[in-house]
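The sequence and structure come first.

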Amino acid sequence: MRRLMRYWVLAVLLISGSGGGFLQAQTTLPSVNPDGTSLSVADDPIAAMLDSLVRLKYFEKNSIKTYPPRSGKYKYSPDSIPRFDDLIYESRLAKIDAVSPFDLQYNTVVRGYIDLYTVRKRELVQRMLGLTQLYFPLFEEKLDKYGLPLEFKYLAIVESAMNPVAKSRSGAMGLWQFMYPTGKMYGLKMNSYTDDRCDIYKATEAACQHFKDLYELFGDWQLVLAAYNSGAGNVSKAIRRSGGKNTYWEIRPFLPKETQGYVPAFIAVNYVMSYATEHNLYPYTPKKTFYELDTVTIKQQVTFRQIAAVLDVPVEDIEFLNPIYKRDVIPYTGTEVYKLCLPAAKIGAFINNETAIYTYLKKDTLTSKNVLASQEVMKIHTVKKGEHLNVIARKYGVTAYEIKAWNNMKTASVRPGQRLTVYVPTGKAGAASIAAAKNTAPAPVVTSIATEGNVKYKYQTIKKGDTLWTIAQANGITVDELKKLNNYGSKYMLMPGKKIRVGK
């Protein structure tokens with residue numbers, strides 16, 4: 001059965017055109033053509049991925065700039081940008097090529113990408129160098145497991161610039177830039193709350209399987225790179241159009257334009273990662289590296305805000321370490337295993353406070369400081385002229401997505417005079433709310449009573465972070481009774497902003 005499944009995967013890859021790759025709808029434009037003429041890099045998806053690192057908040061508080069050692073071989077000033085002539089680049093690449101299964105040729109297209117990484121995007125490349133300390137140990141472990149060349153770890157730099165939530169214009173996601181259908185083919189699941197393409201463990205495993213399948217088709221690592229980008233079908237067509245040639249450089253003129261730049265970019269990355277110091281490039285080192293992280297299995301639905309309040313870990317850090325979760329909520333179904341990645345030093349604290357986290361940080365199990373961080377007060381905000389959803393969200397210390405969910409909004413547009421319900425953490429709601437939070441448990445929020453048939457039901461609006469347990473406790477019933485009221489089986493999903501039956 002397993003062998004038949006593998007043959008099916010190979011057949012799908014072979015007959016697929018650009019739909020079999022990860023970056024098929026993108027256009028790679030190197031800075032120069034092989035004849036030396038210049039090209040614009042404004043629309044280069046590889047440069048765009050580097051630019052996406054600007055939006056990673058994790059770097060603002062969680063990285064340390066490593067400055068050049070003054071006693072080392074190179075004594076550049078911090079702002080120095082070294083440049084070298086073609087002979088030096090060619091000589092250095094020849095040394096790398098001698099110990100690599102890839103054909104790492106040097107030409108003007110490769111030179112264009114070397115300039116992109118070492119000159120034009122230097123600051124972002126130093127962030128990227130820091131991210132390798134988080135991801136490369138895992139990549140190397142998986143590549144070794146599958147008997148693949150370790151140089152494949154550099155492909156994630158070309159694909160996503162090591163941004164775990166990178167999204168291409170064609171919809172490819174994650175470090176390895178899986179398209180939706182290709183991800184599904186390799187067992188990656190996507191739904192409203194999670195996206196396995198952004199799970200560094202699952203996506204890396206899937207990428208390695210894909211590399212092996214492509215190598216079984218073509219028997220050449222350079223062609224594997226081309227097929228990874230444009231799809232196995234396009235590579236097969238290029239081989240036929242070239243008259244049966246079987247190396248990347250021979251079939252390159254017959255490949256899609258984006259793939260003609262993709263492999264040179266990979267060669268440039270191999271060079272830059274081997275000679276970063278020579279170019280005065282030093283990493284923004286993350287405060288937590290791969291070996292300082294750990295995971296724990298989640299046993300109930302929980303929000304990032306709940307976890308952050310108990311463990312004193314910024315929400316943006318939890319977001320960065322757990323890119324698989326799309327809405328700052330870790331769901332629980334009873335059938336799927338969902339894990340939370342944290343700094344290893346926080347794992348013990350999570351286990352010790354696990355019940356408190358799941359029960360919405362009840363005050364009898366936590367210090368008053370954590371209780372205050374967990375309680376919420378409902379506010380009604382009237383939209384003023386010129387306000388938009390992000391401005392309102394920042395005012396109350398919540399997210400635009402939460403406001404949309406609380407108010408059943410399908411879009412982010414608001415109008416002057418519109419009244420919005422906002423649930424504000426008590427730390428931002430004033431002294432009176434804090435005092436109330438210290439001495440009283442949160443009251444159930446019954447929003448309506450409706451008759452269905454001959455039965456009247458009470459309804460409560462679900463808030464972000466609610467679980468069946470917390471809703472049941474607030475309404476004096478059991479979880480089983482709550483499930484029966486709502487006809488919930490083993491699989492259910494609590495959607496913030498929706499209503500749930502809480503009694504008759």
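Buried means under 20% relative accessible area, exposed means over 50%, and partly exposed lies in between, with a 1.4 Å probe and protein chains only. The model is predicted: local features need pLDDT of at least 70, side-chain atom pairs count only at pLDDT 80 or more, and totals for chains, interfaces and linings use all residues. Residues are numbered from 1 along each chain as its sequence is written, and side-chain values use heavy atoms, with hydrogens and water left out.

**Cysteines**
- Cys208 is buried at 2% relative accessibility.
- Cys198 is also buried, with a relative accessible area of 3%.
- The structure has zero disulfides (pairs of cysteine sulfur atoms within 2.5 Å).

**Whole chain**
- Of the 504 residues in the chain, 55% are buried.
- The chain has 23 helices and 11 strands, taken as DSSP runs numbered from the N terminus (helices H or I, at least four residues; strands E, at least two).

**Helices α5 and α13**
- The axes of α5 (residues 108-120) and α13 (residues 257-274) come within 8 Å and cross at roughly 55 degrees; axes are lines fitted to C-alpha atoms, for helices over the stretch in contact, and angles run from 0 to 180 degrees between N-to-C directions.
- Contact (heavy atoms within 4.5 Å) involves Val109, Val110, Tyr113, Ile114, Tyr117 and Thr118 of α5, and residues of α13 including Gly261, Pro264 and Tyr271.
- The residues of this contact comprise 12 nonpolar, two polar and no charged; Ala, Val, Leu, Ile, Met, Phe, Trp, Tyr, Cys and Pro count as nonpolar, Asp, Glu, Lys and Arg as charged, and the others, Gly among them, as polar.
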